[in-house]
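I begin with the copies and end with the sheets.

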Number of protein chains: 4
Amino acid sequence: MKAGNLKVGIINVTGYAGCELVRILRHHPEVEIASVTGRSAAGQPLGQVFPHLDNMEMDITADLCDELDLVFSALPHKASAEACIPLLEQGVKVVDISADFRLKQADVYSQWYGVDHPDPTYLEEAVYGLTELNRDAVADARLVANPGCYPSSAILALAPAIRHGLISGDIIVDSKSGVSGAGRTLSMTTHFSEVNENVMAYSVNGHRHLPEISQELDTMSDSPVNLTFLTHLIPMTRGILSSCYAPLNPDVAQDPDASERIRQLYLDFYADDAFVQVTNAPPQTKQTLGNNHCLVYPVVDSRTNRLIVISCLDNLVKGAAGQAVQNMNLMCGFPEEMSLEALAVYP
Amino acid sequence: MKAGNLKVGIINVTGYAGCELVRILRHHPEVEIASVTGRSAAGQPLGQVFPHLDNMEMDITADLCDELDLVFSALPHKASAEACIPLLEQGVKVVDISADFRLKQADVYSQWYGVDHPDPTYLEEAVYGLTELNRDAVADARLVANPGCYPSSAILALAPAIRHGLISGDIIVDSKSGVSGAGRTLSMTTHFSEVNENVMAYSVNGHRHLPEISQELDTMSDSPVNLTFLTHLIPMTRGILSSCYAPLNPDVAQDPDASERIRQLYLDFYADDAFVQVTNAPPQTKQTLGNNHCLVYPVVDSRTNRLIVISCLDNLVKGAAGQAVQNMNLMCGFPEEMSLEALAVYP
Amino acid sequence: MKAGNLKVGIINVTGYAGCELVRILRHHPEVEIASVTGRSAAGQPLGQVFPHLDNMEMDITADLCDELDLVFSALPHKASAEACIPLLEQGVKVVDISADFRLKQADVYSQWYGVDHPDPTYLEEAVYGLTELNRDAVADARLVANPGCYPSSAILALAPAIRHGLISGDIIVDSKSGVSGAGRTLSMTTHFSEVNENVMAYSVNGHRHLPEISQELDTMSDSPVNLTFLTHLIPMTRGILSSCYAPLNPDVAQDPDASERIRQLYLDFYADDAFVQVTNAPPQTKQTLGNNHCLVYPVVDSRTNRLIVISCLDNLVKGAAGQAVQNMNLMCGFPEEMSLEALAVYP
Amino acid sequence: MKAGNLKVGIINVTGYAGCELVRILRHHPEVEIASVTGRSAAGQPLGQVFPHLDNMEMDITADLCDELDLVFSALPHKASAEACIPLLEQGVKVVDISADFRLKQADVYSQWYGVDHPDPTYLEEAVYGLTELNRDAVADARLVANPGCYPSSAILALAPAIRHGLISGDIIVDSKSGVSGAGRTLSMTTHFSEVNENVMAYSVNGHRHLPEISQELDTMSDSPVNLTFLTHLIPMTRGILSSCYAPLNPDVAQDPDASERIRQLYLDFYADDAFVQVTNAPPQTKQTLGNNHCLVYPVVDSRTNRLIVISCLDNLVKGAAGQAVQNMNLMCGFPEEMSLEALAVYP
């Protein structure tokens, strides 16, 4: 293993987000991956469980080693909070990829996740780690709640329009996701023969990422957001594309140059963000495969005076592990783009 | 070739809709496929161009033979009208799979298709062949305009809600289609390496199926429909899934049992329609692969008082060739389901 | 349910072969599907477990009903024999889709399947149900061992060459299969994100279909067959393509017209077989999707004097359920093609 | 653009190999991409043609700029030689990704490519750039013929066995390739709806990579190689997997520990090669997606005394652009792995 200055641990490296963290951190010039854990695979060499990491000489262990500077947790909800809180109390910085510290209100957490939060006192401290919108807070944080993959795409798509008061709060987000978002755990809905050559909506009665999107959009909006969010599974491995719809506010709709004006506002909004690109054509998930970019395309539907914003990203990178490394970079004073420079793998 | 009573011709058999017609009509007990045409492939045996039809001894010709009773045209727009009109004048019944006779207003046709209509006098006569909604008119028609694949899914999803005044006209239809909808003509957007492991929105400034959906929904609605319609290409061959969103009218929204009431209205609406099923779970395109069914699932988003309707079908069957045969059956007095009984090929 | 003369049962309808049997038998004019069983799904309506069969009013039960004429068993090996033998003793005809009655020697069965055969006395009686090669015996049988999916493609590819003494026994069969061949049971190797955009060889130390292929080829050959058989998993749902390689015998190799001569022998060999087509171009699995055909293409590699035969089929139809219905038709005196006429679903 | 010491040009950047070169060279610390050409796209910004390269400010031009140190040509055969020869005469180093300098004999070139070679005198000088087997010659070369994608997988799989005299020359290579190997040019065989859910053999009468494989294996072998090479197209974008079969020589076959002995010979053979890994389980193309590795797995089929070697790689990286950069690194005195360190993108 290479030696860097920052000793990091990864809890639950055996999921897709976990092993994606290893891929990205592998050549980070300031990082040493000092410890990776996994329950079922404890004791096995990392390169045996994940042959694409074959040349790393490192075992998966049941528990983290001592003296880590920062830990990424890729555990399921509740278990993640239970693992992270002792680390925080030892002074270790934490980037939590689970949902455990994203929602500010413990009762909303309970309602959507069906369990009580292990320690709601951390909900206020935790910084919602959509870096572009919370850069300063992330830099100062010791606990970052890494956003969900869907919320990353939806919030980045809508933030400029809401912050600038372009749209009403009657928002519909229709998202399409590849299957890796469902993780490595086996289920009939991720069984190849069931998913291939198929598309379906799921979680029709309310996906758990809905309150997260609502919460973040509400903080930017003058009026409460009235959000419908519907998720679809499509036959590909990586990628999320979200199509967002909202009525333009009347003053914007009356502007004959609304489309160009909005586009310029978006360009300005993300002018200093290396990982968000406002595109000049509808973006495709393939243009983000394996990299940390979110592509955003706003367009006015002039027949109906609605704003449409299409956004896409790689759910395992900008939607999970890449975002987490971006947050780590800020938390530790490294350049924000460090180790995240790779271009998308096309085609 | 088998001998049936009805002699049919297929114009442009070399596209996907054309050869799908052959697949479906092959064992129709009342039909003889008497003539199939194709420009580039004229002179070649049908079974050489399409090996899956290998055991049919039939050549593709440049022109139709004489003495046909009914002709399906699968030509592109404009060329299709030009081919169909002389047939109509000879007394041949026509099911046109192109867009040429779907729109009632010649100026709307010109606006969306960029050409003048060859003979607008036929626009009034033509029956819009979404059989479930126009059964009697189809039965009496000599010219049926077969609906577009997207409109079939959207209109069947929304018709019960609009007819019963459940929703306002502020409608968003977000559709996801397999690639065969783009036909057999080569293009970069249907090149395997570009489409696979990818999703994108396209025709963002207005898909040609938009005016068709608006026209048909308007005829059912008390107030004009304000429709946003966005299409997406996903990496599968067959299938369309449409997710439709609209605000519930206030009286419906106040009903605590709105969801169940709406579901029952949908069940009643399609009670006599063999090919439309109101499902009790979100439907999947795989459940329609190769057959003539449209699956419809209405559900209330009680957080926002919106109706969501999800529908799906096989774009080449219920969205094209199967629908055309269903129309032919009615036009010729055969049982509506004849030769369309096959179950979906799952998985 | 429709009423036919023959009452059939399906054991373990909840696997892919089981529900494919229902799809094919659904409109068989002589068959009534009288009973379908499944362990985990017992008590559920068939159309709830398999929505593509939605309009069938039938429950899955734990046990078969009485008074069946013929039963298909789609159970795993050993369990299948244990279920079939009592039926045979009651005078019910059986088509067993498992491997339990395919191998003639009990010790070979034990060696490859790791269990003792429940009753080896049936091994001699059982007819290997590759209909084209055993038509008369199948017609007289009360117990048919339905062939494995891989063996069906390999044996039909090689039978004419071996029967005519064209090749030596030094045979290599390299097969590529879609994922549905691995069934509906969940595993990491059938998890979408692991299989998609991937190809791998598996069972490299010997696939269980190897002794079955060897046994059948040996019965046709003057000299023992020396077979290497390697299986590969590719990212599609249905279909097997086998590429078979063998040295031409010297007298054949010296014939300057060997390729055309061999092709004619193949055409003659399968002249009376509706479901085996000798193609004039390399076949594609897509040309068999959903139907009961096996496509066979022999060609001489004149640089090396080897025969190459490429064959393909749909592993769930000609490789499982369709083959089983073909056998049932013969066993019961129905036309061999009954209910198997459907064309492939292309594209 | 970043500034490096070596100014490189890429001819025909608009194909998949061309834009993959940009992806890999983008962050190469010693390279400046100084010029990229393309015929149809000349005058367009590179980032407009390939949005995944969006943040590069660079136009595609019709011709190369002056003062380049090294040029990669990704033109089709013949055109590539015609473009490369003048560059060589100006003292520019060349890595040619086309087939134009791979074959040593001009008559074999003419036979397989159907054209006369523009200047056969370069055939002797050109170094066949399978770096692991020709490291010293590549380091000294001014003209490197980058290997074909299939030959890279086949030759690396078989080289240790042939060099060590383990096998006879009766070799069969059965290769499965993703569709990107067919390039960006449109054709019916790369049209999504034709390729998806399909597998087929192609170039059955002899793929153009056959003479290249034979030539290279012959140089290592005591006796001439008698090679059958068959290629298959499978529904994925990137990746080649080759399954190679050959009889073990008698003395090897008699060794009861042949399998382990061969495995050790392979490990030793590639001990110093960072990009070739001898795996301890059958490799999967997904384990190489986007990186420059070739995975090799030798195993003895003890029933038949044949050696099976399975190898895989990413056809656009180790099979094209990555291999080309590896060669450039050697030709220019850079570390062989520079800019090729990225891990595979899994899943």
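By what turn and what shift along the axis can chain A be laid on chain C? I find that a turn of 180 degrees with a shift of 0.0 Å along the axis does it, at an RMSD of 0.0 Å, where copies are superposed by least squares on the C-alpha atoms of residues with pLDDT of at least 70 in both. In chain A, the C-alpha nearest this axis belongs to A:Phe192, at 2.0 Å from it.

Before going on I note the ground rules: this is a predicted model, in which local features need pLDDT of at least 70 and side-chain atom pairs count only at pLDDT 80 or more, while totals for chains, interfaces and linings use all residues. Residues are numbered from 1 along each chain as its sequence is written, and chains are lettered from A and ligands numbered from 1 in the order in which they are written.

**Entry: chains A and C**

I looked up the contacts, two residues being in contact if their C-beta atoms, placed from the backbone, lie within 7 Å. By that rule 13 residues of chain A are in contact with 13 residues of chain C. The side of chain A that touches chain C divides into five nonpolar, seven polar and one charged residue; here Ala, Val, Leu, Ile, Met, Phe, Trp, Tyr, Cys and Pro count as nonpolar, Asp, Glu, Lys and Arg as charged, and the others, Gly among them, as polar. Since 100% of the interface residues of chain A are also interface residues in chain C, the copies meet through the same surface.

**Entry: chains A and B**

For this pair I find 37 residues of chain B in contact with 37 residues of chain A. The elements of chain B that each supply at least two residues to that side include helix H8 (192-195), strand E7 (170-177) and strand E9 (226-233), helices (H or I, at least four residues) and strands (E, at least two) being DSSP runs numbered from the N terminus. E9(B) gives the most, with five residues. By class, I count 19 nonpolar, eleven polar and seven charged residues on the side of chain B that touches chain A.

Chain B is superposed on chain A by a rotation of 180 degrees with 0.0 Å of shift along its axis (RMSD 0.0 Å), which is the relation of a two-fold axis. The C-alpha of chain B nearest the axis is that of B:Pro235, 3.2 Å from it. In this pair too I note that 100% of the interface residues of chain B are also interface residues in chain A, so the copies meet through the same surface.

**Entry: the domains of chain A**

Chain A is divided into domain 1 (6-125) and domain 2 (150-316), with bounds that come from an automatic or database domain assignment. Taken over C-alpha atoms, the centres of the two domains are separated by 27 Å. Eleven residues of domain 1 are in contact with eight residues of domain 2, and the elements giving two or more residues to the domain 1 side are helix H1 (16-25) and helix H4 (106-113) of chain A.

**Entry: the seven-stranded sheet**

What is the strand order of the open sheet of seven strands in chain A? I read E8-E9-E7-E10-E13-E12-E11, with mixed pairing, two strands being paired if DSSP finds at least two bridges between them. Strands E8 (200-202) and E11 (276-278) of chain A stand at the edges with a single partner strand each, so one side of each is left without a neighbour in the sheet.

E9(A) pairs with E7(A) in the parallel sense over eight bridges, and A:Val173 stands opposite A:Phe229 there. With E8(A), E9(A) pairs in the antiparallel sense over three bridges, and A:Tyr202 has A:Thr231 as its bridge partner. E7(A) and E10(A) also pair in the antiparallel sense, over six bridges, with A:Ser175 opposite A:Ser242.

**Entry: the six-stranded sheet**

An open sheet of six strands in chain A has the order E2-E1-E3-E4-E6-E5, with parallel pairing. Strands E2 (31-36) and E5 (127-128) of chain A are at the edges, each with a single partner strand, so one side of each is left without a neighbour in the sheet. Strands E1 (6-11) and E3 (70-73) of chain A run parallel and are joined by four bridges, and A:Val8 stands opposite A:Leu70 in E3(A).
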